[in-house]
Amino acid sequence: MKHALMIWGGWDGHEPKRCVDVLAPILQAHGFAVEIHDSPDVFLDRDKMHALSLIVPVWSMGTLGPGQEEGLLDAVRSGVGIAGWHGGMGDSFRNNPNYQWMVGGQWVAHPDDITDYTVNIVDHEDPVTQGIPDFTMFSELYYMHVDPSNQVLATTTFDSPAAPWIKGCVMPVVWKRMWGQGRVFYSSLGHVARDFDVPEVVEIQTRGMSWASR
């Protein structure tokens with residue numbers, strides 16, 4: 001059996017506990033034994049971390065303390081997969097740039113707050129996005145700083161009334177990458193738990209977690 005660690009906490013506005021309640025049963029339905037923690041101190045337990053198949057961080061904002069960042073990054077580098085979404089992985093640990101390097105990006109703005117936008121699938125052959133058509137979202141739309149080495153699977157194009165100077169900017173939404181021997185999957189779709197009511201969002205996240213897991 002594969003073993004997944006979900007760690008939740010931080011700012012309540014991203015509904016970390018509710019997101020765990022949505023995604024943990026999905027992982028269990030796909031054959032994972034799921035262990036849930038509410039403190040990043042679990043990253044200090046090297047034996048536990050290195051025995052995992054998958055890490056799903058559901059931590060909003062916050063900071064990783066001494067040893068916590070190293071424990072997490074070392075586990076992924078050794079081959080443990082990591083997968084997440086905006087409210088749990090892309091707007092997390094803002095003062096930890098090595099964590100952001102591992103993720104492959106970091107949220108910096110959502111100039112129009114909640115808005116309608118289109119997610120365009122750009123890789124129709126990858127198992128994470130294969131067979132999924134373009135779809136629309138009504139949620140926060142994220143401007144991000146992203147790593148050029150990411151393998152981008154989906155994008156969106158900005159047409160922002162609040163920031164007209166970024167009109168036409170094509171922004172990655174879903175990507176995957178490697179960190180050492182570990183697979184990293186990220187989707188910016190997931191401001192709050194109800195975003196996973198969108199079938200394409202939950203399907204992409206489910207496939208991404210499965211892909212990332214060793």
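Helix α1 is followed by glycine 31, whose phi is positive, near 90°. Helices here are DSSP runs of H or I with at least four residues, strands are E runs of at least two, and both are numbered from the N terminus. This is a predicted model, in which local features need pLDDT of at least 70 and side-chain atom pairs count only at pLDDT 80 or more, while totals for chains, interfaces and linings use all residues. Residues are numbered from 1 along each chain as its sequence is written, and side-chain values use heavy atoms, with hydrogens and water left out.

**The chain as a whole**

- The protein chain has six helices and 11 strands.
- Its radius of gyration is 16 Å, close to the 17 Å that the globule rule gives for 214 residues, so the protein chain is as compact as a globular protein of that length. That radius is taken over C-alpha atoms, and the rule is 2.2 Å times the number of residues to the power 0.38.
- Along the principal axes, the C-alpha atoms of the protein chain fill a box of roughly 50 × 35 × 30 Å.
- Of the 214 residues, 55% count as buried (under 20% relative accessible area, with exposed over 50% and partly exposed in between, using a 1.4 Å probe and protein chains only).
- Among contacts (heavy atoms within 4.5 Å) between residues at least 6 apart in sequence, 72% join residues at least 24 apart.

**Helix α1**

- With 14 residues, α1 reaches 20 Å from its first C-alpha to its last, close to the 20 Å expected at 1.5 Å a residue. The expected span is 1.5 Å times one less than the number of residues.
- On the buried side of the count, α1 has Pro16, Cys19, Val20, Leu23, Ala24, Ile26 and Leu27.
- The cover over these buried residues includes β1, β2 (32-37), β3, β4 and α6.
- Glutamate 15 sits in the loop between β1 (2-10) and α1 (16-29), and its phi is near 50°, a positive value in a residue other than glycine.

**Helix α3**

- In α3 (residues 68-78), the buried residues are Gln68, Glu69, Gly71, Leu72, Leu73, Ala75 and Val76.
- Elements covering them include α2 (46-50), β3 (54-60), β4 (81-85), α5 (97-103), β10 (170-179) and β11 (182-187).
- Glycine 79 follows α3 and has a positive phi, near 130°.

**Helix α6**

- The 14 residues of α6 (residues 199-212) should span 20 Å at 1.5 Å a residue, and the end C-alpha atoms are 20 Å apart, which agrees.
- Val201, Val202, Ile204, Gln205, Thr206, Gly208, Met209, Trp211 and Ala212 are the buried residues of α6.

**Two buried loop residues**

- Phenylalanine 93 lies in the loop between α4 (86-90) and α5. At 1% relative accessibility, phenylalanine 93 counts as buried, and its phi is near 50°, a positive value in a residue other than glycine.
- Isoleucine 166 is found in the loop between β9 (151-157) and β10, and is buried with a relative accessible area of 9%.
- Leaving aside residues up to four places away in sequence, isoleucine 166 touches Pro111, Tyr143, Phe158 and Ser160.
- The C-alpha atoms of isoleucine 166 and aspartate 195 are separated by 25 Å, with the two residues 29 apart along the chain.
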